[in-house]
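Dear colleague,

I am passing on the structure we spoke about, with some notes on what came out of it. Please keep the sequence and the model open beside this message as you read.

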Amino acid sequence: MDETTSIMETPCPCIGLSGGIMNRRNFMKQSSLSLVAVAAGCKTEGGTEPGHDASIIDAHCHVFNASDLPTARFLRQVVFDDFPKQSAKILAIRDPDVADEFYKVIVLLLGADKAPSADQENAYLTTGRHARLSAQSADNARQAAVEDTAQHLLELDRKSKRIISMNGLSDGSDRAPLAEEKFLNYMLGEPTVTLRADKEFSYSHARAASQRAFDGQGALARYLNWFSLFRLYRHVLVERLISDTEQQGFRPIMLTPALVDYDEWLYEDVDASPLPRQMLVMDKVSQRMAKKGAVVHGYMGFDPLREVAYRARKSAVSSLATTRAALTEHGFIGAKLYPPMGFRASGNSRPYPMRTVTALGFDPSKQLDTALEDLYRLCVELDAPILAHAAASNGSGPGYEKRGDPAYWIPVFQKFPSLRVCLAHFGSFDTKSAGREKMPLPQGSWEWRLGEFVKSHPRQNVVADISYFSEVLTANNETRMSLAASFRRWLTEFDPDCDHILYGSDWIMLGKEAGYNHYVESINAFLRSECRLSDDACDKIFWRNALRFLPLAHGSRGRDRLLAYYRRNGLDEALLPSGSPRLLAGLFGR
């Protein structure tokens, strides 16, 4: 490889990096760190330099709202599996009673009734009438959340007074304070417990306390404001992501937001916006954005357990049929898998949740494998990529987070060599792959397992994305440099031309992070400065590799499928990006 094609070069001296943001692997489980500050002023020709209208494809993002998720169980089983300890680290809430009450506020703010359902947004996008004011902008959503929190504080005050009155409790200092009272004082900012039974707590007090909490500078305010975003219309979330990216000097040429399907594993149906209805509204969002000149094509969430339940006549919805409809009729680009819910890409085996086995009446291992292989065949037939969660995080049961291991994907890659697969959340090098528990890191890591396959099959369309790549921006310089060294070593050993790494934001999930408004700039600086990647390599990561991975090449079945969608809906076919013949020549045998 000559100097003009090398992926690594001396970093531009004008790009610096300081501060850091939270490790994505420990979602809601580690303390948030300081704001990332990026200074950039060097000019490159056609490179991914912030401030120069650089092209970018966000190959992994989300624009779901609260009505699209089984919120209560997802929060309790996946996000907040040990909330009192997590709240102490994240929000400096050390009292478990206060932590429990704050969790109730979160559930309130993320309630499905607080966000427009898929049908409601679909109707609004169709008619332009009956707009939901709180869903139209982040400011409106925030103020609605402030008001709801204030009303909740008033109800807590009334509840505590009822408890005290009904039980004849003393109002003196010898009485242990109620959890409701302690939380009220926490929200009021009082450092010591002040009993409130004999004091008036007015609406103005509650409103002021709520507003202060949302206006603060710490992690509490950041999370409260993030929760309020889940009240927005999905098309507003798309517009917000585009705007946030453009403000950092990058021009999104395509977004591929992924829907998720957790219902069967978490045993909670999404009644407000079931997945087939989400499919319909995302169709409308894609059309709306295309008419504004933006390209948005989503990934349909596929759950093999839902398909197993359907085939056993335990569910009314076929996940496979829904995915086929999304891909052939509604403008979706591919399918999204979330193995940490409880399944593997191949070779499924116990344990599963007892309620799942009981409801089905059988061990679903073989049926899960069959349902997944049917999905793989469908995606090969339609030239549709698969995006899969591949971080050891967010498992819905004990050890389930390890089911996203690339080791379980290798047999799939071998059996379906034309299948396009992106394994998400690459880059921490901290989790050992199955059968490699005794190997040192990073050689025993998930990333190394994937790298070995990529090296031996360089033309196969298997990639990884660096979505929610916040750990490389930690304030700990030693950790950041170690990650950069592992990343460089991985590229050198397995992917010297940097053809198998994509950029993704993981928005809306990323939106809770300190420094989110500088995230793309920060990733760009990290790749150039710490990793010492060339302009060419950075361009590949930010957009050119996605052009190749996604079915966008002229004459491909996937592109023809999307163009048919454009024609059916009277959209401008020229909007759909494509790689030039020079760019695509020789890559992945296409």
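The buried residues of helix α7 are covered by elements that include α3 (96-109), α5 (138-166), α6 (179-188) and α8, and please bear in mind throughout that this is a predicted model. The residues of α7 that are buried are A206, A209, S210, Q211, A213 and F214. The helix itself has 13 residues, and from its first C-alpha to its last α7 reaches 18 Å, which is close to the 18 Å expected at 1.5 Å a residue.

The axes of α7 (residues 203-215) and α8 (residues 219-229) come within 6 Å of each other and cross at roughly 100°; because angles of 65 to 115 degrees count as roughly perpendicular, α7 is roughly perpendicular to α8. At this contact, A213, F214 and D215 of α7 meet L220, A221, L224 and N225 of α8, and by class the residues involved are 5 nonpolar, 1 polar and 1 charged.

A separate part of the model concerns two strands. Strand β7 (residues 386-389) pairs with β8 in the parallel sense over 4 bridges, with I386 standing opposite V421 in β8. Which residues of β8 lie on each side, and are they buried or exposed? In strand β8 (residues 421-424), V421 and L423 lie on one side while C422 and A424 lie on the other, and all of them are buried, so that both faces of the strand are covered. In general, the side chains of a regular strand alternate between the two faces of the sheet.

Definitions and conventions
Residues numbered from 1 in each chain as written. Predicted model: local features only at pLDDT ≥ 70, side-chain atom pairs only at ≥ 80, totals over all residues. Heavy atoms only, no water. Axes fitted to C-alpha atoms, helices over the stretch in contact; angles between N-to-C directions. Parallel < 35°, antiparallel > 145°, perpendicular 65-115°, else oblique. Contact = heavy atoms within 4.5 Å. Nonpolar A, V, L, I, M, F, W, Y, C, P; charged D, E, K, R; others polar. Expected span 1.5 Å × (residues − 1). Buried < 20%, exposed > 50% of the residue type's maximum accessible area, 1.4 Å probe, protein only. Pairing = 2+ DSSP bridges.
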